[in-house]
Amino acid sequence: MATAIIETTSLTRNYGDICALKPLDLQVPEGEWLSVMGHSGSGKSTLMNLVGGLDRPSAGSLQVGGKDLLALTEDGLARFRREFVGIIFQQHHLVPYLSAVENVMMAQYFHSVPDEAEARLALERVGLGHRLKNRPGELSGGEQQRVCIARAIINSPKLLLGDEPTGNLDHKSTVMVMDLLKELRDEERFTIIMVTHNQEVAAWGDRTIYLDDGVLVREERMNS
Amino acid sequence: MVAIKLIPHILSWVGIVLILLRGFPERKRVVAVAVGAGFALGVAGTFFLFRSFPGDFSFSLIRDVVGGSFLLLWGIAVASIYRSTVRNFPLSWGERFFASIFFAGVGAFMSGMIAGAISVCRLGTSGGMLMLLILVLVACVLVFESLAIERLLPPSFTVSNSALMAGVVALLLFSSSSILRLDLFSPLSMKVMKFTHDFVHQFFESMLIPDHLFIHIHLWRYIGLLFGKEVGFWGGLIIWFAPAILIALAISFERLPSVAHIRQGAQRRTVVATAIRARRFRLVVPGITILVLAGAGYQSRFPAVEYWDPKPIVISAGPSGEIVIPLKGEVDLKDGKLHKYLFSQGGKEARFFVLMTPTGQLTVDLDACAICKPDGYGQTEGTVLCYYCKTLIPLETVGKPGGCNPVPIHFTEKKDGVYIDGLTLINTWSTTVQTTARVKEGSK
């Protein structure tokens, strides 16, 4: 069995009086694709933010890639995000006045140094070799999401987080993006945690967990 | 008051120790001991040097050592810029020597010794052994403080060998430039100015500059710039800053590590980024060096010393044409201070001074030299300074002719005073000083 890349024990997150995530014990093996489902406000994004080092837990322990995220300083957490995590959002968050290749290079810049040749290759890999110089406004939703995927994987993360990455896409684009992610995951062997409302999207993963009011209520393993 | 005087030296000392500690991270203990011991020996050695050889000799010796270290820095700077452009550096043994424990120890010891010697030049020996003991104790305490400060510096902040040398030498120059007799920048500016003037003059004498009417006028418009006073200052600045700039350039030209064998792009870029970050950190010391050298240059150009420069006493000759200045009249001529006088005859004026040198000899000289515009002299710290060219003349050499020394005047010392022939005085002024001054004014 693969070693766990994510290990939580009684992981809790409170926002004032509201308990967004109730004590959660979770293990995610290295290379697994975990889908997280649940209604709005069930704690999906909270879990993703904690695992990605974007937020700090209120209680419990959280180990990601052998690192105790609670013990990390702000600088350490930033380094962890930079070197360990790639994130794809529903709202793309691409810089509108930069071209596709420049958007990818920006992630390289914050990681280490930009390398245009490598950024071009990443975009060619997601099927956008012909759209390198186009700005986000000149790309379709699916194409923009593929730029986001290229941006997320350019720094070879061990963990890829997706916060409803296909939420804004039509069915055809959704299938294209999910197929691409699966292909990349099989090649690079990174771990994916994907928050989604869509049962069909969740089915791309190896396992799905269901959250309700901050509690893990159910978990099911998908057939390959 | 003593503490204020010592501020530049204390700052330099802490800086030197910090740079040495960071420059030899594996040999901190050796460096700390060696630099402290060197300082103590430098203080003791200079104390005995001043006791044995009072006068300019000791200052000259220390100034020459500091000047020698500046020359060495020039050599290192040229070697490092050459190193950055070739793959097989022929002086790689030199790099191995730099990394050895022997160099760490000897380098730290020498640095400490020069720093100690400079500090004694500031304090002098009048405070006695107790003052010097306190100085050594303070220096040792500062070594311990520096060890603590050094631990707070980020680990990625490293110092290259050439930058280490540049930093230490710049701090020694900063320390020495606060002492007029150890200052190197002003003499350097002067040398550059004199060299430029001589060079252009010889060039002209050799008829290498064509004397055609048209060329003559236009060419001399530009050649005239080389005769300006500022040419020495700007030329001096170039020589002063060039080693630090060359070393900074050499560091910025350093090759990045080869990453062709690393398959993963992110890992490849991480290695490159780490090397670039380390290179930036290595540029910090040359950057500081340039600032320190600027500080040293500023101290040299605007020294924080007060000159003894009394208003000339108007004096006249007796019926025999002789000027008589009593040894103990309005002023005491043998008090070791410069006493200026103004003498007029037949519509002409001559300014001169009487001074007793540290060797106990009275001397009468014009308040001008045969080279510069007659801006006069001021007295400070065992020297007189030519206000025009900022050359320091040790008191021991006042009364001797040549160079920028005040032009000596023949006089007779009798029991009641000093006797000077008025006509000789006026003629000497007219034939040496005024001509020079008129030519210089005319060339502007």
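**Backbone, sheets and domains in a predicted model**

A:Ser156 counts as partly exposed because 18 C-beta neighbours lie inside 10 Å; by this criterion a residue is buried if 20 or more other C-beta atoms lie within 10 Å of its own, exposed if 12 or fewer, and partly exposed in between, with C-beta atoms placed from the backbone. The structure is a predicted model, in which local features need pLDDT of at least 70 and side-chain atom pairs count only at pLDDT 80 or more, while totals for chains, interfaces and linings use all residues. Residues are numbered from 1 along each chain as its sequence is written, and chains are lettered from A and ligands numbered from 1 in the order in which they are written.

Most residues other than glycine have a negative phi. A:Ser156, although not a glycine, has a positive phi of about 50°, and it is found in the loop between α5 (141–153) and β7 (159–163) of chain A; helices (H or I, at least four residues) and strands (E, at least two) are DSSP runs numbered from the N terminus. A:Asp213 is not a glycine either and has a positive phi of about 55°, in the loop between β9 (207–212) and β10 (215–221) of chain A. A:Asp213 counts as partly exposed because it has 14 C-beta neighbours inside 10 Å.

From chain A the description passes to its contact with chain B. Eight residues of chain A are in contact with eight residues of chain B, where contact means that the C-beta atoms of two residues, placed from the backbone, lie within 7 Å. The side of chain A that touches chain B consists of one nonpolar, five polar and two charged residues; Ala, Val, Leu, Ile, Met, Phe, Trp, Tyr, Cys and Pro count as nonpolar, Asp, Glu, Lys and Arg as charged, and the others, Gly among them, as polar.

Within chain B, the domain assignment, which is automatic or taken from a database, gives domain 1 (2–182 + 237–298) and domain 2 (313–443). The centres of domain 1 and domain 2 of chain B, taken over C-alpha atoms, are separated by 43 Å. Four residues of domain 1 of chain B are in contact with eight residues of domain 2 of chain B, and the domain 1 side of this contact has one nonpolar, one polar and two charged residues.

Helix α3 (residues 28–52) and helix α6 (residues 101–123) of chain B have axes that come within 6 Å and cross at roughly 35°, the axes being lines fitted to C-alpha atoms, for helices over the stretch in contact, with angles running from 0 to 180 degrees between N-to-C directions. The crossing of α3(B) and α6(B) is right-handed, that is, the near helix is turned clockwise from the far one by less than a right angle. Their contact comprises 21 nonpolar, 10 polar and no charged residues.

Turning to the strands of chain B, an open sheet has the order β6-β7-β8 with antiparallel pairing, two strands being paired if DSSP finds at least two bridges between them. Its edge strands, β6 (377–380) and β8 (392–394) of chain B, each pair on one side only, and neighbouring strands are turned by 30° against each other on average, direction ignored. Four bridges join β6(B) to β7 (residues 383–386) of chain B, and B:Tyr377 has B:Cys386 as its bridge partner in β7(B).

Another open sheet of chain B has three strands in the order β2-β10-β9, with antiparallel pairing, and its edge strands are β2 (322–326) and β9 (412–413) of chain B. Two bridges connect β9(B) with β10 (residues 417–421) of chain B, where B:Tyr419 in β10(B) is the bridge partner of B:Thr412.
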